[in-house]
Amino acid sequence: MNLSTRSPGSAGSGISPIWVVAAGLAIIFGGLLIGSFAPAILPPQASAESRQIDALFRFMLAIGGSIFLLVQGMLVYSVIRFRAKPGDASDGAPIHGNTTLEFVWTIIPAIIVTVLALYSVSVWNSTHSIKPNEQTVGAVGARYAWTFNYQLDARALPSGVTLDQLEPNIRAAVENGGLTLSSTQLHTWVNQPVAVSMNTQDVNHAFWIPGMRVKQDLLAGRTTEIRFTPIEAGVYRIVCAELCGSGHGNMAGSVDVNGNLVGAWLIVHESEDAFRSEFFDPLARAALFPPEDPVERGRQILASGVYPCASCHVVDDLGWNGAVGPNLNNVGSRAATRVAGESAEEYLRISIRMPGAYLVPGYNNLMPQFNAEPGQPNYMPDDDLDAIIAYLLTLKTS
Ligand code: HEC
Ligand SMILES: [Cu+2]
């Protein structure tokens, strides 16, 4: 073993062990200090999982911080201690073959990586395990909106509603596994484990709730899942974390945990039952007793967020403020004059079924095609389309 690191001109023999111990402690405590900054750079923890994930992150940050201090400390030390004396233009002695050193710098990273791997797998297994009494929600990503689907079955009818009040076909749906209720919000409550199963209508998206520390890709043709258990009431942002097109930045949603945002105020409900009934009962009533009037039905369909129109269009009546496509506030007035020979109704039908056929001047062909057959991307049944057209025809500015 031949370690001749010192350049010929450098003075002194070894460094005092006291200094080595002091430097070692400074590096370890410095790393821990760096690791303790983690909470300051992350959003507040809103789920049980976020505690485990942040602890893992802090651990990694502390290790990374220690390595950073070690490397930078050596660098600064060497620059000062081994600087060239005036007039010394000679090179340092070449170094090779130090088995001890090589052993140490192989074994230490190997131990670190093994510990991190075991720790990460245990966090992964715990955050991804199926929890008892999970609330299951379906999430659909489509350029550029999130839709959440809840199943309504016979056990969860709103109070005062009985099966025999329902139309036969709706009753049959409720009895055979449930009706789907759609909303643009993911509603849940504190300490309720949630399992979200996710599909995309078009390209890949990624479902990310920074406050819950969950993020998962939506992959075309596959169903992916994510789980979390909220621990704090509040409203949390959902973000798309996969660049998916020109409206990607608008592809946001919210998780409302046992609370409601009214104006600027977060109102936490008195009871879980009140919270559930305020959110689910109106959705359920709308699905169980669809309005006869096609205009009202069309409005209800669009308001439910089951189609992602809001992120691209403005409709004041529905609170939409998307900016990718034309403002639809008075589309009912202009639809008849857009294309010679097409009635207003026919023009709107083509706008939705074949958006590329007639482009509105000044806009690109960015609207997804809403298809008539189940199983196609962006499926929109004829019934829904008729109702939506009836509603759009009423949008006129005076
Ligand atoms: C990804 C963005 C996007 C989404 C989602 C989207 N549109 Fe569009 N839409 C556009 C763009 C861009 C245009 C203009 C280009 C064109 O005519 O295709 C347009 C045009 C239209 C027009 C013609 C407007 C006019 O002034 O003549 C109608 C009607 C329309 N969209 C309705 C809808 C409805 C209803 C939905 C939901 C079912 C929807 N759009 C979803 C982007 C979008
Ligand atoms: Cu997206």
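1. Donors are N, O and S atoms within 2.8 Å of the metal (3.2 Å for Na, K and Ca), and water is not among the atoms, so sites may look incomplete. The pair links distant parts of the chain, 54 residues apart: His313 is in the loop between α7 (294–304) and β13 (314–315), and Met367 is in the loop between α9 (344–353) and α10 (382–393).

2. Basis of the description. The model is predicted: local features need pLDDT of at least 70, side-chain atom pairs count only at pLDDT 80 or more, and totals for chains, interfaces and linings use all residues. Residues are numbered from 1 along each chain as its sequence is written, chains are lettered from A and ligands numbered from 1 in the order in which they are written, and side-chain values use heavy atoms, with hydrogens and water left out. Helices (H or I, at least four residues) and strands (E, at least two) are DSSP runs, numbered from the N terminus.

3. The copper site. His205 (ND1), Cys240 (SG), Cys244 (SG) and Met251 (SD) coordinate the copper ion (ligand 2) at 2.1 to 2.5 Å. The arrangement is tetrahedral because the 4 donor atoms subtend angles of 90 to 125°; four donors count as such if all angles lie between 85 and 135 degrees. The spacing of the donor residues in sequence is H-x34-C-x3-C-x6-M. His205 in strand β6 (residues 205–209) and Cys240 in strand β9 (residues 234–240) are 35 residues apart and link distant parts of the chain.

4. Helices α1 and α3. Helix α1 (residues 17–35) packs with helix α3 (residues 48–81) at an angle of about 140°, their axes being 7 Å apart. Axes are lines fitted to C-alpha atoms, for helices over the stretch in contact, and angles run from 0 to 180 degrees between N-to-C directions. That angle makes α1 oblique to α3; under 35 degrees counts as roughly parallel, over 145 as roughly antiparallel, 65 to 115 as roughly perpendicular and the rest as oblique. Residues in contact (heavy atoms within 4.5 Å) include Ala26, Gly30 and Ile34 in α1 and Leu61, Gly65 and Leu69 in α3.

5. Helices α7 and α10. These two helices pack at about 105°, with axes 7 Å apart, and are therefore roughly perpendicular to each other. Among the residues that make the contact are Val295, Arg299 and Ile301 of α7 and Asp384, Ile388 and Tyr391 of α10.

6. Helices α8 and α9. The axes of helix α8 (residues 331–338) and α9 come within 7 Å and cross at roughly 95°, which makes α8 roughly perpendicular to α9. Val331, Ala335, Ala336 and Arg338 of α8 meet Ala344, Tyr347 and Leu348 of α9.

7. Backbone. A cis peptide bond, with omega about 0°, joins Arg143 and Tyr144. Tyr144 is in the loop between β1 (135–142) and β2 (145–152). Asn133, a residue other than glycine, has a positive phi near 55° and lies in the loop between α4 (99–128) and β1.

Note on methods: Tetrahedral: all angles 85-135°; square planar, octahedral: opposite > 155°, others 65-115°.
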